[in-house]
Number of protein chains: 2
Amino acid sequence: MLNRYPAPIHGARNPGQTPDVTTPGSFANAPDIGGPMMFSSPDTPGMPAASAKTAWDFLPDGWQVSRLDASMPSDSMPSASSHSVAEFTTARGQRLRVAYPAGFTPITQLESARLGIVTPEMKRVAEREPHFGVLCDGRGAEAVRDEVAAGRLVIPANINHLKYKLDPMAIGRASLTKVNANMGASPVSSGTDEEVEKLKWAERWGADTVMDLSTGGNLDECRDAILRNSTVPIGTVPIYSMIIGKKIEDLDWSIIEKSLHQQAQQGVDYFTIHAGVRRGHLKHVKNRLIGIVSRGGSLLAKWMLVHNKENIMYERWDDICDILRQYDVTFSIGDGLRPGGLADATDAAQIAELETLGELTERAWRRGVQVMIEGPGHVPFDQIEWNAKIQRTLCHGAPFYVLGPLVTDMFPGYDHITSCIGATAMAYHGAAMLCYVTPKEHLGLPKKDDVKQGCIAYKIAAHAADIALGIPGTRDRDDELTKARAALNWEKHFELSFDPDTARAYHDEDLDVDTDFCAMCGHDWCSVRISKEIQEFMSGKADGYERVGAGGKLGAPVKSAALTPEQEEILAKRGVLSPDEIHKLASKTKKAVGADAGKANCHSDYVDPDAAKGLQKEKVGVLVQVDLRPALGIAKEDRVV
Amino acid sequence: MLNRYPAPIHGARNPGQTPDVTTPGSFANAPDIGGPMMFSSPDTPGMPAASAKTAWDFLPDGWQVSRLDASMPSDSMPSASSHSVAEFTTARGQRLRVAYPAGFTPITQLESARLGIVTPEMKRVAEREPHFGVLCDGRGAEAVRDEVAAGRLVIPANINHLKYKLDPMAIGRASLTKVNANMGASPVSSGTDEEVEKLKWAERWGADTVMDLSTGGNLDECRDAILRNSTVPIGTVPIYSMIIGKKIEDLDWSIIEKSLHQQAQQGVDYFTIHAGVRRGHLKHVKNRLIGIVSRGGSLLAKWMLVHNKENIMYERWDDICDILRQYDVTFSIGDGLRPGGLADATDAAQIAELETLGELTERAWRRGVQVMIEGPGHVPFDQIEWNAKIQRTLCHGAPFYVLGPLVTDMFPGYDHITSCIGATAMAYHGAAMLCYVTPKEHLGLPKKDDVKQGCIAYKIAAHAADIALGIPGTRDRDDELTKARAALNWEKHFELSFDPDTARAYHDEDLDVDTDFCAMCGHDWCSVRISKEIQEFMSGKADGYERVGAGGKLGAPVKSAALTPEQEEILAKRGVLSPDEIHKLASKTKKAVGADAGKANCHSDYVDPDAAKGLQKEKVGVLVQVDLRPALGIAKEDRVV
């Protein structure tokens, strides 16, 4: 059908090739794990091309890599006695020989990958993200290793954090898009237990990594507790603890060195270091509407102005690399000059810094350290693709970790929304991890519910991008939910939802019966019910998706279960129902609603279909006047199969 | 700076051309009002090209248009006595001669536009959207007329609605992106007053049009009241009232004719008619996961199956056009086969119907009726651009009015977010109006706060797209807010916000003092404060943006005003502060906080800077240990200018 019209054929399968269904990522580029495009969007004309270089082009001194022809015997290659040699085959079947200084012991994931070693962490990543294996002929762990070696994938796993509960994960465009949640915004009143609780809350709502940005309280004790309790990687911005109790101008190398060692020793998995803000960039900031909005960036700018010196983090970059390498701490190179408003986006300051971030990436790779790059911030929607792709060019595919970006500035209170729009586009065009923004952004400290709202908005962004990029398997749960929705199987619908309690509570607010319609359109106007009843359609007829009512009867209305305390709280906050009404929904018992002894499902308190409609009429008030079933010769109580 | 890197130069100005600032729409195509691209995104390779045809190619029988050379005397053109002739110059300076049947009187905006007439409604549109004048040498109203004549812009303004309070507006890609809010979802308990109140609420939160989808109550009385009270165009789906109290299979032409006349007579501005669902399309539906999810579409599918006949709306299309023309009701041709899940997006059913919508567009234009086209629904992010652009091809630029689309299916309860992501991309790639989706979508009837949340999510989408498309002036308020934010002028910041009460309430939840930081980072970590204090930066120093404190003193902290009832309610719903604490914030009086007699601003209850920090410490608990001002030789209380 569609092949009558011009359609982009970048993807593995185009909708035009199969007339009745579309496929995930149809319009994205075909997957290319192991190549420069990985999962990627097609370039709008004029976009900068992906860098032709990878971390293989930035090996440490004394290292060398050769691509061997499969027919060439390996002993024909030269090897000096001062060097050891590793040979291995990539997931794509390319044979590599790596010469490196004799006696060298790999510490970081990058170093292991360069030697062809598949670490337990790489194996775990391939297990958690089975698409690596699916797309690479079962060589998933090797494919992960190859991406790590290329510098396009990082596994932030401090060797000391691995001793606790860290479950290794990866960040890079060949893997699923990840979400970071920030916490620990410095209450002195907040104790260690409270911070651990926040961590668990962020993990519950899907945060893939957590940054501890504490600037108050017992920082060390708190960080230690977070590291001991987290299953996700933990990031920090070490400059915060470097200047607690000091003046920024007193910052010197001894303080930096001590702090980095201490936090790395504790087990922090990645450090944000704002080494890219150089003295020479500050002139580009002068006409900005809102200067520097990165905390670390503004502090270091102040340091440079006070001392009239180059950024100390930049000057001591190689020394910093050597500290991080010892613990396999990953760099998250900070974008101190990220724009703080649409007007400052993609400006000279931002791009000058990004060039420096590229240089710092190359230097870190030369010292064996894993790298990701932080990005904006506030970017108009039309500039997002270019922002993602110039990073890919300048930083040679190092994972891009962006904050939003917000696509408009004038909706404070809703910046989880303004920014998750930009985040979706940024992830589709190349970002690998999204730092969440909460509704309290620009206004105050996020509270528990803000953290949840921020996490969910960003899980939406990450998931939508993964579907768009065509990562195998990512759309399965959406399709299952669609089948449950088509079958009007509410319980299954909600189980498949990201936030089942909210979905259930919103549904039951209007109608606490699971039946063949909901209160939005009512019985007569439910297009899903009508589609399901059309015999010729598959709609709502998928095996295992039917709603089982009383006594195993398919499709019969059932009274929904009593609200859980979580669902009660959700409804109470909405303020639509009275406390009495909510209490009634929450205190339902089987006895109260007249349970049917033979029912197959604990949610299946049978309700007569007419009673369901009556209830709907009473509670929602939709007129019930049209019933299509007689027109089709279908008995009132029967489903059509 | 940027011109060192390849950058797309589609737009009027590229960021690379001005080193220190970016411009709105830099990466979009250059504006082309009067041409086929209008405001548009650059095409990803493989996208279908814009149609070379416009409504000028589909004139009624007996009409003819000629493009005159300026040097050609107009009397040299042939003209039959049975025809009249209109000659006029377009906003772009092209001279047109239109021959039409003698005695013809234009009724619709399209017919007037074809005769070169600038109607009062076109003038009003140009006044409300000054960019038409800005980009067309002051000939804004003429440019509006030309876009209407081309069929790319509609002004839904029923001649009878114009007798009430309708403020004419336009929908089309040359104008700002519009947002529609649905209401009247059929409560019999809901009286006319209540529906009018809902209308006002939707207007308050920025709805540009409202659809009354009532299926219960006194439909006629309610619709009449809505029309008499609305300043925005009102749309309906007339099939709903056609079958109230009847069976769908009883639908016939006499019922259709009567309903259309009656609603048009009342003043409805646009009708959704699902004439594009044809009998031959239903075979493409059979393997869908979720069949037909449009109410009108599913009802008409049922009608066709019961009667084994072609869609009656399709068969009687010309007759329907003739009714709409009499009142200048605009078509919103319904997409009865829009996908109800990602799996069904861009499938054969959807595209087959879209072809028919193109045919119906041509036929409506031939009968002088304005047209817009409804679109999906649920579409993976990668398929959005193609969906927008195939509509532009098949429907010759007729405005595209889309519902979302959702970019993932598994977040019920959050579908205002999942869909506003898709809506932003759809508007950037070509949609002209976005139908909102509320958090209750798929679950139940939206309540008052759901309507607000849906409106705001969609105002974000529309505004973000307008900025990205580079519509002149659209980013001004964002930039003003950024300046206020940079100046830490909280009152101005909130005044410029889309929802000032929410922004203020969230801010005051933590800290009810307006000072040089907020509770998010606290004093010492506020990058905005640090940037503002760097003398070399412009940041926070824009004229008229400084925060005036007590006695006219710049930058002095001030106690914020007492919470309004709206702000109280917002905080109460969040449940972070206790009712007592909220009451305290709401019951502040000048007396209670020790007002300063000489203050310039009613919000300026002076607070000593140390007291502000103390308050912050007490309430938020951020440690206050670093003060950069001494390092810069700046007095503690002074601002740096």
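**Note on a predicted two-chain model**

1. **Symmetry.** Chain A can be laid on chain B with an RMSD of 0.0 Å, by a turn of 180° and a shift of 0.0 Å along the axis. The two copies are thus related as by a two-fold rotation axis. Keep in mind that this is a predicted model.

2. **How the copies meet.** Of the interface residues of chain A, 100% are also interface residues in chain B, so the copies meet through the same surface. The contact takes 162 residues from chain A and 162 residues from chain B. In chain A, the residues that lose the most area to chain B are A:Met410, A:Met520 and A:Trp525; together they give 6% of what that side buries. The area buried between the two chains is about 13,800 Å². Carbon and sulfur atoms give 67% of that area.

3. **Polar links across the interface.** There are 10 salt bridges between chain A and chain B. On the side of chain A that touches chain B, helix α16 (residues 448-469) gives the most, with 10 residues. Polar contacts across the interface come to 36 residue pairs. One of the salt bridges joins A:Asp510 to B:Lys440, with the closest N and O atoms 2.9 Å apart.

4. The side chains of A:Asp450 and B:Arg574 meet in a salt bridge, 2.8 Å from N to O. A:Asp450 lies in helix α16 of chain A and B:Arg574 in helix α21 (residues 565-574) of chain B, so the pair joins two chains. Are these two residues buried or exposed? A:Asp450 is buried, with a relative accessible area of 2%. B:Arg574 also counts as buried, at 13%. Both belong to a network of salt bridges.

5. **The fold of chain A.** Chain A has 24 helices and 16 strands. Buried residues make up 67% of its 641 residues. Among contacts in chain A with a separation of 6 or more, 70% are between residues 24 or more positions apart.

6. **The nonpolar core.** The largest nonpolar core holds 376 residues. Which members touch the most others? They are Leu251, Met313 and Phe331 of chain A, and Leu251, Met313 and Phe331 of chain B. Take B:Phe331. Beyond four places in sequence, B:Phe331 touches residues including B:Phe271, B:Ile273, B:Trp317, B:Ile320, B:Leu324 and B:Val371. In soluble globular proteins, nonpolar side chains tend to be buried together.

7. In chain A, helix α12 covers residues 317-327. Its buried residues are A:Trp317, A:Ile320, A:Cys321, A:Ile323, A:Leu324, A:Arg325 and A:Tyr327. An α-helix has 3.6 residues a turn, so residues three or four places apart point the same way. What covers the buried residues of α12 includes helices α1, α8, α11 and α13 and strands β9 and β10 of chain A. After the helix comes A:Asp328, whose phi is positive, near 50°.

8. **Salt bridges within a chain.** Over all chains, the count comes to 84 salt bridges. One of them pairs A:Lys178 with A:Glu129, the closest N and O atoms being 2.7 Å apart. A:Lys178 lies in strand β6 and A:Glu129 in the loop between α2 and α3, so the pair ties together parts that are 49 residues apart in sequence. Both residues are buried.

9. B:Asp43 forms a salt bridge with B:Arg392, with the closest N and O atoms 3.6 Å apart. B:Asp43 lies in the segment before β1 and B:Arg392 in helix α14, so the pair ties together parts that are 349 residues apart in sequence. B:Asp43 is partly exposed, at 24% relative accessible area. B:Arg392 is buried, at 10%.

10. **Two buried polar residues.** A:Asn489 sits in the loop between α17 and α18 of chain A. A:Asn489 is buried, with a relative accessible area of 8%. A polar atom of its side chain lies 2.9 Å from the backbone oxygen of A:Tyr545. B:Asp146 is found in helix α4 of chain B and counts as buried, at 13% relative accessibility. Its side chain makes a polar contact with that of B:Arg145, at 3.0 Å. Beyond four places in sequence, B:Asp146 touches B:Phe88, B:Thr90, B:Ala91 and B:Arg92.

Notes:
Residues numbered from 1 in each chain as written. Chains lettered and ligands numbered in written order. Predicted model: local features only at pLDDT ≥ 70, side-chain atom pairs only at ≥ 80, totals over all residues. Heavy atoms only, no water. Buried < 20%, exposed > 50% of the residue type's maximum accessible area, 1.4 Å probe, protein only. Helix = DSSP H or I, 4+ residues; strand = E, 2+ residues; numbered from the N terminus. Contact = heavy atoms within 4.5 Å. Least-squares fit on C-alpha atoms with pLDDT ≥ 70 in both. Core = buried A, V, L, I, M, F, W, Y, C linked by side-chain atoms within 4.5 Å. Buried area = accessible area lost by both parts, 1.4 Å probe. Salt bridge = Lys/Arg side-chain N within 4 Å of Asp/Glu carboxyl O. Polar contact = N/O pair within 3.5 Å; in protein donor to acceptor, adjacent residues only side chain to side chain.
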